[in-house]
Amino acid sequence: MNKQKQPLILGIETSCDETSAAVVRGGNELLSNVISSQMEVHRKFGGVVPEVASRRHVERITHIVERALDEAGVKLSDLDAVAVTQGPGLVGALLIGVAAAKALSFSAGIPLVPVHHIAGHIYANHLIRPLEFPLVALVVSGGHTELIHMPKHNRYERLGRTRDDAAGEAFDKVARLMNLPYPGGPQIDRLAREGTPRYDLPRAWLEPDSLDFSFSGLKSAVINFLHNAKQRGEDVDHADLAVSFQEAVIDVLTEKSMKAVERTGVNRLLLAGGVSANSGLRERLKHRCEEAGVELWIPPLALCTDNAAMIAAAGTYQFLDGQVAGLDLNADPNLKLV
Ligand code: KG4
Ligand code: ZN
């Protein structure tokens with residue numbers, strides 16, 4: 001990107017339980033990234049309560065945006081555009097971000113850029129090192145498990161997706177069965193480090209050529225396993241169960257990603273989304289990619305989960321492409337990337 005084309009973008013993210021605003025210059029210079037997590041509030045309920053999430057976003061959004069501008073040392077009038085997560089996510093939560101972004105766009109007289117949440121997760125990597133194309137992205141979050149081919153900025157082609165639960169959702173549900181606190185992914189990750197994968201759990205490979213995923217069978221297998229053990233009065237080692245489950249997820253994610261890379265002839269694999277924080281998955285992908293001579297891009301832990309900097313980064317390239325919205329923009333909880 002040349003010097004004149006270094007737009008200053010405010011990003012806003014409120015799709016789930018993080019209220020976040022960030023300022024990014026030129027697509028990858030992070031000036032601020034303020035994240036207010038509601039995790040503690042939702043933990044009591046064992047998962048995100050949509051109504052509660054919306055209310056929290058309303059309470060915090062103005063303050064979070066002000067802090068993001070302050071920390072970046074910029075004024076509203078300095079901005080070139082405001083980028084916001086349009087979807088997918090919880091509709092009530094998304095609406096707060098979209099309404100705030102519209103108000104800012106109107107009052108500052110700057111364009112409004114609607115961003116797909118998954119595009120944001122992919123562009124989290126761009127904040128560390130400018131993306132190089134073509135690439136294959138494995139997107140694994142609480143709501144998504146997808147393999148995406150990107151030939152260039154703003155272009156997404158889907159290679160595969162989950163047919164039922166997302167990987168993160170499976171982590172959270174299995175953690176709940178094991179009475180671990182929300183969100184379960186990091187808890188399973190931590191427990192798994194102390195366990196031995198001795199419990200036999202299924203891997204859903206689907207049709208031989210398929211790059212799709214399915215995790216609901218694995219979740220049911222864990223339910224049955226726990227139920228049977230209880231009926232027989234047998235103790236279940238939670239660390240062993242955690243690592244057995246995690247390995248089943250990692251096996252499928254890794255093998256399908258390697259297949260996607262091989263099939264497309266793209267020698268560059270990028271990891272994105274909340275589950276990319278998983279230490280087992282990071283390790284395994286590093287190992288497999290090294291072995292296969294594939295370049296692996298992994299975002300730093302701080303940028304793996306939801307944040308507005310990734311939305312501003314993705315929004316920058318949409319802004320440069322003229323992908324802007326009017327003030328009639330609406331949140332779309334089921335927004336499609338492709
Ligand atoms: O991307 P994200 O913050 O929100 C969505 O867009 O969904 O992802 C949240 C998901 C949750 O399911 C959470 O349990 C999972 O990412 N997660 C993890 C880890 N850290 C977060 N899953 C496995 N291992 C982790 N270390
Ligand atoms: Zn996310």
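In which strand is S36 found? The answer is β3, residues 29–37, where strands are DSSP runs of E with at least two residues, helices are runs of H or I with at least four, and both are numbered from the N terminus. Before going further, please keep in mind that this is a predicted model, in which local features need pLDDT of at least 70, side-chain atom pairs count only at pLDDT 80 or more, and totals for chains, interfaces and linings use all residues. Residues are numbered from 1 along each chain as its sequence is written, chains are lettered from A and ligands numbered from 1 in the order in which they are written, and side-chain values use heavy atoms, with hydrogens and water left out.

Let us stay with S36 for a moment. S36 counts as buried because its relative accessibility is 11%; buried means under 20% relative accessible area, exposed means over 50%, and partly exposed is in between, using a 1.4 Å probe and protein chains only. Its side chain makes a polar contact with the side chain of R60 at 2.7 Å. A polar contact here is a pair of N or O atoms within 3.5 Å; within protein, one must be able to donate a hydrogen and the other to accept it, and residues adjacent in sequence count only if both atoms are side-chain atoms. Leaving out residues up to four places away in sequence, S36 touches D17, E18, T19, R60 and I64, where contact means heavy atoms within 4.5 Å.

Helix α1 holds H42, which is buried with a relative accessible area of 0%. A polar atom of the H42 side chain lies 3.1 Å from the backbone nitrogen of V49. Neighbours within four places in sequence aside, H42 is in contact with D17, G47, V48, V49, V52, A53 and Y182.

Now for the two domains. The domain assignment, automatic or from a database, gives domain 1 as 3–124 + 304–320 and domain 2 as 132–298. Their C-alpha centres lie 27 Å apart. Contact between them involves 19 residues of domain 1 and 21 residues of domain 2. About 1600 Å² is buried between the two domains, with carbon and sulfur atoms giving 67% of this area; buried area is the accessible area (1.4 Å probe) that two parts lose on being put together, summed over both. On the domain 1 side, I118, I122 and C304 supply 36% of the area buried against domain 2, more than any other three residues.

What about polar links across this interface? The rule finds zero salt bridges between domain 1 and domain 2, a salt bridge being a side-chain nitrogen of Lys or Arg within 4 Å of a carboxyl oxygen of Asp or Glu. Seven residue pairs, both members at pLDDT 80 or more, are in polar contact between the domains. The elements giving two or more residues to the side of domain 1 that touches domain 2 are α1 (39–43), α4 and α10 (308–320). The largest share of that side, five residues, comes from α4.

H117 (NE2), H121 (NE2) and D306 (OD) coordinate the zinc ion (ligand 2) at 2.0 to 2.1 Å. Donors are N, O and S atoms within 2.8 Å of the metal (3.2 Å for Na, K and Ca), and water is not among the atoms, so sites may look incomplete. The spacing of the donor residues in sequence is H-x3-H-x184-D. H117 and H121 are separated by about one helical turn because they are four residues apart in helix α4 (residues 117–123). Both H117 and H121 are buried.

Finally, some backbone features deserve a look. Most residues other than glycine have a negative phi, and most peptide bonds are trans. Here, a cis peptide bond joins G87 and P88, with omega about -10 degrees, and P88 sits in the loop between β4 (81–87) and α3 (91–108). Another cis peptide bond joins Y182 and P183, where omega is about -10 degrees; the place of P183 is the loop between α5 (167–177) and α6 (184–192). N154, although not a glycine, has a positive phi of about 70 degrees. The loop between β7 (145–150) and β8 (157–161) holds N154, which is buried with a relative accessible area of 14%.
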